[in-house]
Amino acid sequence: MKGPWVKLWRNVFADEVVSFCMRRYGHETAIMWIGILSQADDGVLLMDEDVFADLIQIEENRYRELRGILIKRGLIIENEQGLLEVPNWNEYQTGQSTERARACRERRKDATLRNGCATEKQR
């Protein structure tokens, strides 16, 4: 995985598709979807699905049912290799906020280096 965290909108449970799935099929749909988001590598679940089902503590038959529901509702797709994939991963996980954060870190780093050099010169 690229990073230790994943972006998740604070109003995720108000999302039309997510809330529909939770109401109609149970809260496990949200657990599974968020689990996929958290384990995806560039939007693709590379982990063996049996291992993943065990990780999120969903029984095998229920897992298969929820897998089909999430695919049907467009929250995930099955790619050509048969792996689960999050559609539009890059749209949600990267973008302007990522670039702004990177630029901010660079400015802080530069300021720290400049301040460190100034401190050295004063000695």
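Start by selecting Phe52. Beyond its neighbours within four places in sequence, Phe52 is in contact (heavy atoms within 4.5 Å) with Met32, Gly35, Ile36, Gln39, Leu45, Met47 and Tyr63.

A word on the model. It is predicted: local features need pLDDT of at least 70 and side-chain atom pairs count only at pLDDT 80 or more, while totals for chains, interfaces and linings use all residues. Residues are numbered from 1 along each chain as its sequence is written, and side-chain values use heavy atoms, with hydrogens and water left out.

Rings of Phe, Tyr and Trp (its six-membered ring) pair with centres within 6.5 Å; planes under 30 degrees apart are stacked, over 60 edge-to-face, the rest tilted. Helices are DSSP runs (H or I, at least four residues), numbered from the N terminus.

The structure holds 2 aromatic pairs. For the other, select Phe20 and Tyr25: edge-to-face, 6.3 Å centre to centre, 80° between the planes. Phe20 is partly exposed at 24% relative accessible area; Tyr25 is buried at 19%.

Now show the largest nonpolar core: 25 residues. Such a core joins buried Ala, Val, Leu, Ile, Met, Phe, Trp, Tyr and Cys through side-chain atoms within 4.5 Å. Met32, Trp33, Ile36, Phe52, Tyr63 and Leu70 have the most contacts inside it. Colour α1 (16–25), α2 (28–39), α3 (49–55) and α4 (60–72), the elements giving two or more residues to this core. End on α2, which gives the most, with 5 residues.

Definitions and conventions. Buried < 20%, exposed > 50% of the residue type's maximum accessible area, 1.4 Å probe, protein only.
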